[in-house]
Amino acid sequence: MSKRVHITLPDYIYESLEQWADRQGRPTASLIAFIVETAVLEAKKKGDIPPEPEDPKSDSSS
């Protein structure tokens, strides 16, 4: 499931993102979502974000 968030960016940052998205032929919001997802995955890989706990419901040893 996807979640929505609202952020406020300085005009110059948004304008740069808008230009970047236009060059890639995608909506600005999609580019921002991609950038955030990439940053989170990289942070997890580096250990900056702890791993998610295992789901106890998926334990098949019962």
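A residue is called buried under 20% relative accessible area, exposed over 50% and partly exposed in between, with a 1.4 Å probe and protein chains only. The structure is a predicted model, in which local features need pLDDT of at least 70 and side-chain atom pairs count only at pLDDT 80 or more, while totals for chains, interfaces and linings use all residues. Residues are numbered from 1 along each chain as its sequence is written, and side-chain values use heavy atoms, with hydrogens and water left out.

The protein contains two helices and zero strands, taken as DSSP runs (H or I of at least four residues for helices, E of at least two for strands) numbered from the N terminus. The C-alpha trace spans about 55 × 25 × 20 Å along the principal axes. The radius of gyration of the protein is 17 Å, whereas a compact globule of 62 residues would have a value near 11 Å; the radius is taken over C-alpha atoms, and the globule rule is 2.2 Å times the number of residues to the power 0.38.

Of the 62 residues, 10% count as buried. The accessible surface comes to about 6000 Å², of which carbon and sulfur atoms hold 55%.

Met1 lies 21 Å from Ala43, C-alpha to C-alpha, at a sequence separation of 42 residues. Thr8 is also placed before H1, and its relative accessibility of 71% is why Thr8 counts as exposed. Thr8 and Leu41, 33 residues apart in sequence, are 22 Å apart in space, C-alpha to C-alpha.

The charged end of Arg26 sits over the ring of Phe34, 5.1 Å from the ring centre; this assignment requires NZ of Lys or CZ of Arg within 6 Å of the ring centre and within 35 degrees of the ring normal.

Technical notes. Accessible areas come from the Shrake-Rupley method with a 1.4 Å probe; for residues, only the protein chains shown count as cover.
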